[in-house]
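Visitor: Could you walk me through this one while I have it open?
Guide: Gladly; let us bring it up.
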2 protein chains.
Amino acid sequence: MNETVRAISELNRVIHEPGRLIIVALLATIEECDFLYLLHETEMSKGNLGSHLARLEKAGYVEIEKGYRGKVPQTLLRLTPTGRVAFDAYRERLKDMF
Amino acid sequence: MNETVRAISELNRVIHEPGRLIIVALLATIEECDFLYLLHETEMSKGNLGSHLARLEKAGYVEIEKGYRGKVPQTLLRLTPTGRVAFDAYRERLKDMF
DNA sequence: CAGACTGGTCTGTGCCGCAGACTTATTCCA
DNA sequence: TGGAATAAGTCTGCGGCACAGACCAGTCTG
């Protein structure tokens with residue numbers, strides 16, 4: 001098995017999925033945002049976005065903080081340190097690929 | 001929608017899937033090989049490899065030529081020009097991403 | 001001629017991406 | 001003040017896909 005093959009087969013599948021890759025890439029640059037921002041930016045459906053976020057949280061890559069802005073509920077999303085490490089590692093593997 | 005998001009959401013899903021990405025990346029460098037070479041190199045199961053190849057053929061990215069080596073059947077795999085273009089485009093998008 | 005090897009194909013299963021309906025709470029407006 | 005509209009998600013169901021492994025047809029080997 002050559003190095004390219006190894007690099008690809010070791011890609012982090014949680015991050016590799018385009019829907020989640022978008023989320024992680026966004027959070028990596030903007031630090032923090034709310035659900036609606038992601039909803040508009042990604043153009044996903046609410047259901048899809050919600051499930052991707054749940055998956056990222058389960059993996060320990062994203063922190064989901066449910067709170068209020070005034071009386072309106074608001075969910076804030078942040079990349080965890082673990083998530084950032086995983087994302088950086090993912091990008092390194094991509095570079096190895098080519 | 002920012003540029004990174006756009007680049008990711010326009011990624012070619014056929015190629016993006018790691019199983020097929022391995023196949024395409026291999027074929028891009030070695031030009032031609034047979035089924036068993038891929039089988040060993042990728043460490044996939046036969047069923048999985050066969051279905052990925054079928055999908056790539058359907059997309060017009062890989063050419064599957066069934067023939068014989070002596071009396072033993074042999075299937076040769078090649079990237080089509082379309083496949084090469086698609087792969088190059090995929091890599092360009094990845095570069096745009098970061 | 002039995003058993004092993006080559007070179008694949010077929011079938012089944014379980015997970016996952018995705019959309020949209022549903023929910024609860026608040027605010028706007030006539 | 002009652003009803004529509006909006007915010008902010010959650011829940012449910014469907015279809016498709018990745019993947020493994022059983023199966024098969026032909027060939028070689030002892």
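Visitor: Through which surface do the copies meet?
Guide: The copies meet through the same surface, because 100% of the interface residues of chain B are also interface residues in chain A. Please keep in mind that this is a predicted model, in which local features need pLDDT of at least 70, side-chain atom pairs count only at pLDDT 80 or more, and totals for chains, interfaces and linings use all residues. Residues are numbered from 1 along each chain as its sequence is written, while chains are lettered from A and ligands numbered from 1 in the order in which they are written.
Visitor: How many residues are in contact?
Guide: 18 residues of chain B are in contact with 19 residues of chain A, where contact asks for C-beta atoms, placed from the backbone, within 7 Å.
Visitor: And which element of chain B gives the largest share?
Guide: That is α3(B), with five residues, helices being DSSP runs of H or I with at least four residues and strands runs of E with at least two, numbered from the N terminus.
Visitor: Switching topic, which residues come nearest to DNA strand D?
Guide: Of the 24 residues around DNA strand D, those are F35(A), G47(A), T75(A), G19(B) and G47(B), and a residue counts as near when its C-beta atom, placed from the backbone, lies within 6 Å.
Visitor: Which element gives the most there?
Guide: α5(B) does, with five residues of the surface near DNA strand D.

Methods
Contact = placed C-beta atoms within 7 Å.
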